[in-house]
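This report goes through selected local features of one protein model. The sequence and structure are shown first.

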Amino acid sequence: MEGWLTPLEAPGGVKLVVVPITASTLYVIEVRQPIGEDKGLCDKGLLVYTVDASLLNGRGPIRIKPAQVTSPERVAQCGLNYSAAYDVGPGEVSRYEDSLVAVEVLETDGFNYKVRVTRK
């Protein structure tokens, strides 16, 4: 799949990509911008995470795939998932890949993101 993703808070557009892996596990890719519920974000870009419906709430059914290593100082300032955003530009990580999927940030207009998602 290749196309543009728009933040949840913005009208119109595709909001997320869901990649089923098993009957109970999937990957989700969505745009995070410092607007609406996320107005306190310190960074913007794509959020990549897995959801495992076989796990009980509180046991980690949602697992964020961070783009960068977390530092205690930034966690205190920006929250636990500040390092999660994939983006294009100097110092940014624009690709997530494991044995199941590849997610690439191809470009951005500063608000929306063009992505390529490949299931392996």
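The model is predicted. Val18 sits in strand 2, which covers residues 16-20. Its relative accessibility is 42%, so Val18 counts as partly exposed, given that this class lies between 20% and 50%.

Beyond its neighbours within four places in sequence, Val18 is in contact with Leu26 and Tyr27. Val18 and Val117 are 99 residues apart in sequence, and their C-alpha atoms are 9.6 Å apart in space.

## The disulfide

A disulfide is a covalent bond between the sulfur atoms of two cysteines. The structure holds one disulfide. This bond joins Cys42 to Cys78, with an S to S distance of 2.0 Å. The torsion about the S-S bond of Cys42 and Cys78 is about -95 degrees, and the disulfide is therefore left-handed. The pair links distant parts of the chain, 36 residues apart: Cys42 is in the loop between strand 3 (25-32) and strand 4 (45-52), while Cys78 belongs to helix 1 (residues 72-78).

The two cysteines fall into separate accessibility classes. Cys42 has a relative accessible area of 34% and is partly exposed, whereas Cys78, at 12% relative accessibility, counts as buried.

## The tyrosine cluster

The structure holds two aromatic pairs. Tyr27 is the residue already named as a contact of Val18.

Tyr86 and Tyr96 form an edge-to-face aromatic pair, with 6.2 Å from centre to centre and 75 degrees between the planes. Here too the pair links distant parts of the chain, ten residues apart: Tyr86 is in the loop between helix 1 and strand 6, and Tyr96 is in strand 6. Tyr27, Tyr86 and Tyr96 form one aromatic cluster.

## Burial of the tyrosines

Are these tyrosines buried or exposed? Tyr27 is buried at 4% relative accessibility, and Tyr86 is buried at 3%.

Technical notes:
Residues are numbered from 1 along each chain as its sequence is written. This is a predicted model: local features need pLDDT of at least 70, side-chain atom pairs count only at pLDDT 80 or more; totals for chains, interfaces and linings use all residues. Side-chain values use heavy atoms; hydrogens and water are left out. Helices (H or I, at least four residues) and strands (E, at least two) are DSSP runs, numbered from the N terminus. Buried means under 20% relative accessible area, exposed over 50%, partly exposed in between (1.4 Å probe, protein chains only). Contact means heavy atoms within 4.5 Å. A disulfide is a pair of cysteine sulfur atoms within 2.5 Å. Rings of Phe, Tyr and Trp (its six-membered ring) pair if their centres lie within 6.5 Å; planes under 30 degrees apart count as stacked, over 60 as edge-to-face and the rest as tilted.
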